[in-house]
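Dear colleague,

I am handing over the structure we talked about, and below it you will find what came out of looking through it. Please keep it open beside this message while you read.

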Amino acid sequence: MKLSDFHYDLSEGLIAQYPLPRGTERLMIVDRAKSKISHGHINDFKDYLLPDDTLVLNNSKVIPARLTGKKATGGNVEIFLLKELERGMWECLVRSSKPSRPGTAVYFESGLRAEIVERELEKGIVRFDRPELIFKTGKMPLPPYISRDAENRDREYYQTVYAKDDGSVAAPTAGLHFTNEMLTDISRKGIEQVYITLHVGLGTFKPVRVENIENHIMHEEEYFIGIEESKKINMAMNNKTRIVSVGTTTTRVLEHLMCEKGRIESGRGSTGIFIRPGFEFRCVNALLTNFHLPCSTLIMLVCAFGGYDLIMKAYSEAVKERYRFFSYGDAMLII
């Protein structure tokens, strides 16, 4: 398929700049068997779950990855954390008006000091003198389509209530809708909740630049699944009960493992799976997700799961019905 097949028109006014209170967002329900689209609210989500469903969620925690400091000359430097290599030593993006050479020191208002150890183009290795201050100094890495600076309240907004393991530089956004009360209500229905981890990388915002999407090279992201969690998911598949995936990140891990191992195997790894129309899903039976950017790999995954024609029709209806789009927006449940 062509990249242009995944385009839709969206006015900037529909891009959510702030979230609604958790649990109050709208929910579009896309029923694949009936080719039907209906409308509700995220609090209705539990009503679409069956007692023997297994709900799988991504518990990766977003780190305050964006740090802004100054060189001794007074020049501004932005350091964007990518991956911790060892305590106090990070792989980063380093942006400044003039290139910062190795040995350059960067000072932050919190008292934190950094030294650029290596640099190649925008990427570099940075050593911080007081690792305990790194996350206190940084701001949440809001995506580029949110046209405002991150605020302190984004530390709560841009994080799921069940976030546990530090490592993402973007939120697994389908999980942002849940409150603790909603999760408790789901548990009361007897529905198993299983938590896995995929650290969302900066590559999630990487645009597709080739017209033939078959030629796109997907970014890699790291994941972890525990032994008990893998057993529960495998048991659900053996029993032929539904796996309900919360988010495209969760879906990528599960389907990656089915492609590579033929089962959900515990452990750490990385995936560069590129799910697009024509992909055969072997684990996920229902998907909760947000509305994604035109021509992104995420909308391609959703089209693969829901069917191209039905999902593009759903997006057209979402625009017409003025749903709120992207990270802080509304949700879509595909059953």
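Predicted model: local features only at pLDDT ≥ 70, side-chain atom pairs only at ≥ 80, totals over all residues.

Since 11 of the 13 residues of α5 are buried, the helix is largely enclosed by the rest of the structure. Among those buried residues are Thr-248, Arg-252, Val-253, Glu-255 and Met-258. Just after α5 comes Gly-262, which takes a positive phi of about 80 degrees.

Lys-240 is found in the loop between α4 (227-238) and β14 (243-246), while Phe-326 is found in the loop between α7 (308-320) and β17 (331-334). Is each of them buried or exposed? Lys-240 counts as exposed, because its relative accessibility is 76% and the cut-off for exposed is over 50%, whereas Phe-326 has a relative accessible area of 4% and is therefore buried, the cut-off there being under 20%.

Val-210 also deserves a look, and you will find it in the loop between β12 (192-198) and β13 (221-225). With a relative accessible area of 28%, Val-210 is partly exposed. If residues up to four places away in sequence are not counted, Val-210 touches Leu-3, Asn-215 and His-216. Val-210 and Glu-181 are 29 residues apart in sequence, and from C-alpha to C-alpha they are 44 Å apart in space.

Turning to the whole chain, there are 7 helices and 17 strands. The radius of gyration is 20 Å, close to the 20 Å that the globule rule gives for 335 residues, so the chain is as compact as a globular protein of that length. Along its principal axes the C-alpha trace spans about 65 × 45 × 40 Å, and 52% of the 335 residues count as buried. Of the contacts with a separation of 6 or more, 70% are between residues 24 or more positions apart.

As for the surface, the chain exposes about 15700 Å², with carbon and sulfur atoms supplying 48% of it. The chain has 45 positive and 44 negative side chains, and the centres of these two sets lie 2 Å apart.

With best wishes

Note on methods. Residues numbered from 1 in each chain as written. Heavy atoms only, no water. Helix = DSSP H or I, 4+ residues; strand = E, 2+ residues; numbered from the N terminus. Rg over C-alpha atoms; globule rule 2.2 N^0.38 Å. Buried < 20%, exposed > 50% of the residue type's maximum accessible area, 1.4 Å probe, protein only. Contact = heavy atoms within 4.5 Å. Areas by Shrake-Rupley, 256 points an atom, 1.4 Å probe, with all protein chains shown as cover. Lys, Arg positive; Asp, Glu negative; His and termini not counted. Charge placed at Lys NZ, Arg CZ, Asp CG, Glu CD.
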